[in-house]
Amino acid sequence: MNSVSKHTILETKNLSIGYQSKKKQTTIASAINITVEKGKFVGLLGKNGIGKSTLLRTLAKVQKPLKGSVKLNQKELTSYTHKELATVLSIVLTERLPESQLTVFELVALGRQPYTNWIDKLTELDLQKIQWAIEQTEIEHLKNKRFYELSDGQLQRVLIARALAQDAEIIILDEPTAHLDIHHTFKVFSLLKKLVKNTGKTIIISTHEINLAIQLADELILLSENEIYSGTIEKLVDQKAFEKLFAKDLISFNKTLKQFVIKKSSFGS
């Protein structure tokens with residue numbers, strides 16, 4: 001496990017997630033009991049509508065849990081102020097950013113907001129953290145470009161750099177490769193893997209790139225219809241968890257390859 005000491009950084013107990021209105025409570029998933037160790041690259045997998053985004057938003061205190069608890073560093077999530085939480089956890093959601101004239105440097109600098117004073121003056125330390133984040137994500141050549149000049153792949157790297165500049169222990173990304181081609185998707189996964197190794201930060205991502213996540217993530221969290229599984233790839237294979245992720249009529253999990261493959265019978269004889 002590299003040089004990172006074993007330490008549970010995130011834990012949920014009997015967590016139920018969903019939506020609460022005045023008249024109705026809609027539960028998407030319940031009895032979620034997971035632990036995430038510091039310095040791990042964790043992939044969150046499951047089919048559309050299963051609750052991946054809702055879970056990530058709940059872990060990040062963007063929305064309230066229906067039941068149960070979330071702890072960060074053994075401290076209840078509910079006891080963190082928003083400013084305190086921003087120094088521990090950063091989140092990159094799938095929502096598109098509003099159009100702006102901001103440069104890449106200015107976008108990355110927004111990650112320092114939890115630390116800047118009331119006039120948002122950047123200190124020498126802030127500037128060092130921003131430059132470090134730019135170097136780690138290899139976007140030095142983009143530093144002076146405007147937001148609207150970036151491709152989707154470039155923008156994703158900039159958003160990751162902004163999260164890095166925030167210098168939180170945990171970075172959560174919701175579908176970071178949703179709009180990217182296979183080349184840029186692999187580059188983002190490789191970048192995240194490298195960042196975990198180089199910085200010791202914990203990165204949790206939801207993704208539909210299941211085979212890539214199986215290859216590169218240290219651990220996975222699987223959301224299925226009836227159960228939540230978490231652990232190493234080997235543990236999940238032993239539990240036959242992958243076989244319960246999708247209907248078996250089109251694809252199946254190959255234990256030898258540790259990959260999902262298309263069933264030839266899906267196309268008829």
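Predicted model: local features only at pLDDT ≥ 70, side-chain atom pairs only at ≥ 80, totals over all residues.
Rolling a probe the size of a water molecule over the atoms shows where empty space is left. One cavity of 30 Å³ or more is counted, and the volume of the largest cavity is about 200 Å³. Its lining consists of 17 residues, with Thr94, Arg96, Gln156, Leu159 and His179 nearest the centre. Helix H5, residues 152-165, supplies the largest share of this lining, namely four residues. By type, the lining comprises eight nonpolar, four polar and five charged residues.

Side chains of opposite charge can pair when their charged atoms come close. The model contains eleven salt bridges. In one of them, aspartate 126 and arginine 112 bring their closest N and O atoms to 2.9 Å. Aspartate 126 lies in helix H4, whereas arginine 112 lies in the loop between H3 and H4, 14 residues apart. Both aspartate 126 and arginine 112 are buried.

A salt bridge also joins glutamate 234 and lysine 258, at 3.3 Å from N to O. Here glutamate 234 belongs to helix H8 and lysine 258 to the loop between strands S12 and S13, 24 residues apart. Glutamate 234 counts as partly exposed because its relative accessibility is 44%, between the limits of 20% and 50%. Lysine 258, at 30%, is likewise partly exposed. Finally, a network of salt bridges links Lys129, Asp167 and Lys201.

Methods:
Residues numbered from 1 in each chain as written. Heavy atoms only, no water. 1 Å grid on protein atoms, 1.4 Å probe; cavity = no way out; pocket = protein on both sides within 12 Å on 5 of 7 lines; lining within 4 Å. Points joined across faces, edges and corners; volume = space filled by probe spheres on them. Helix = DSSP H or I, 4+ residues; strand = E, 2+ residues; numbered from the N terminus. Nonpolar A, V, L, I, M, F, W, Y, C, P; charged D, E, K, R; others polar. Salt bridge = Lys/Arg side-chain N within 4 Å of Asp/Glu carboxyl O. Buried < 20%, exposed > 50% of the residue type's maximum accessible area, 1.4 Å probe, protein only.
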